[in-house]
Amino acid sequence: MLAVIAGAMVLTGCIKKDAATINVKVVNKLTMPQANVQVYMYSGNISDELLKNKVNATTNIATDENGVATFEINSLSFGVASDQATFIFETFDEDGNVTGKVPTTVKKGGSKDVTLNMNVF
């Protein structure tokens, strides 16, 4: 039993050590930060057709008062043989239309800041 607990602790430590952070700042056409906007993250190889629907997103997070949504990416998202992964972030209007999109690549254990420009005022 102790060996199982120790193994789980080691694996959890590895996942956190190799985790990456992506900060997505959402701004409108006037470059003003947009608070309380849902940002949808897609990972892996995903077609343009699937990107148009937020139900296909891996996860979503609302922006804070500064217009930033912070995504913690665990090491399992990178796959077995890769030290980096690409993610796509999108915002939608109330009718389900894409209002902004930004792709980014991050390395294991790294941090990345990106800006998502929404095509709204």
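Select Lys-52 and Glu-49 to start: both residues are exposed. Now show their side chains. They meet in a salt bridge, with 3.8 Å from N to O. Side chains of opposite charge can pair when their charged atoms come close. How many salt bridges does the count give? It comes to one. Keep in mind throughout that this is a predicted model.

**Zoom out: the whole chain**

Switch to a cartoon view. The protein has two helices and seven strands. Trace the chain along its sequence and the pattern reads α-β-β-α-β-β-β-β-β. Of the 121 residues in the protein, 33% are buried. Next, consider contacts between residues at least 6 apart in sequence. Among these, 61% join residues at least 24 apart.

**Go inside: the largest nonpolar core**

Hide the surface. Select Ile-22, Val-24, Phe-71, Ile-73, Phe-87 and Phe-89. In the largest nonpolar core, which has 19 residues, these six touch the most other members. Which elements give two or more residues to this core? Colour strands E1 (20–27), E2 (38–43), E4 (68–73), E5 (84–92), E6 (98–107) and E7 (111–117) to see them. E1 gives the most, with four residues. In soluble globular proteins, nonpolar side chains tend to be buried together.

Centre on Phe-71. Set aside its neighbours within four places in sequence. Phe-71 is then in contact with Ala-20, Thr-21, Ile-22 and Val-24, with Val-39 and Met-41, with Thr-59, Asn-60 and Ile-61, and with Phe-89. Now pick Tyr-40, Tyr-42, Ala-57 and Ile-88. They are among the members of a second, separate core of seven residues.

**Show the rings**

The structure holds two aromatic pairs. Take Tyr-40 and Phe-92 to begin with. Why is this pair called edge-to-face? The ring centres are 5.3 Å apart and the planes stand at 85°, so the pair is edge-to-face. Tyr-40 belongs to strand E2 and Phe-92 to strand E5, so that the pair links distant parts of the chain, 52 residues apart. Tyr-40 and Phe-92 are both buried.

Move on to Phe-71 and Phe-89. This aromatic pair is tilted, with 4.9 Å from centre to centre and 50° between the planes. Here too, distant parts of the chain are linked: Phe-71 sits in strand E4 and Phe-89 in strand E5, 18 residues apart. Are these two residues buried or exposed? Both Phe-71 and Phe-89 are buried.

**One step along E4: Thr-70**

Select Thr-70, which is also in strand E4. Its relative accessibility is 34%, so Thr-70 counts as partly exposed. Draw a distance from its C-alpha atom to that of Thr-21. The contacts of Thr-70 are then Thr-21, Ile-22, Asn-23 and Ile-61.

**Out to the loop between E1 and E2**

Now find the loop between E1 and E2, and select Thr-31 there. Thr-31 is not a glycine, yet its phi is positive, at about 60°. Most residues other than glycine have a negative phi, and most peptide bonds are trans. Thr-31 is exposed, with 58% relative accessible area.

Select Asn-36, in the loop between E1 and E2 as well. Asn-36 likewise has a positive phi, near 60°, without being a glycine. It is exposed, with a relative accessibility of 67%.

The last stop begins with Leu-30, which lies in the loop between E1 and E2. Leu-30, Met-32 and Phe-121 form a nonpolar patch on the surface, and together they have about 360 Å² of accessible area.

Note on methods. Residues are numbered from 1 along each chain as its sequence is written. This is a predicted model: local features need pLDDT of at least 70, side-chain atom pairs count only at pLDDT 80 or more; totals for chains, interfaces and linings use all residues. Side-chain values use heavy atoms; hydrogens and water are left out. A nonpolar core is a set of buried Ala, Val, Leu, Ile, Met, Phe, Trp, Tyr and Cys residues joined through side-chain atoms within 4.5 Å. Buried means under 20% relative accessible area, exposed over 50%, partly exposed in between (1.4 Å probe, protein chains only). Contact means heavy atoms within 4.5 Å. Patches are made of residues with over 30% relative accessible area and no salt bridge: like charges are joined within 9 Å, nonpolar side chains (Val, Leu, Ile, Met, Phe, Trp, Tyr) within 5 Å. Accessible areas come from the Shrake-Rupley method with a 1.4 Å probe; for residues, only the protein chains shown count as cover. A salt bridge is a side-chain nitrogen of Lys or Arg within 4 Å of a carboxyl oxygen of Asp or Glu. Rings of Phe, Tyr and Trp (its six-membered ring) pair if their centres lie within 6.5 Å; planes under 30 degrees apart count as stacked, over 60 as edge-to-face and the rest as tilted.
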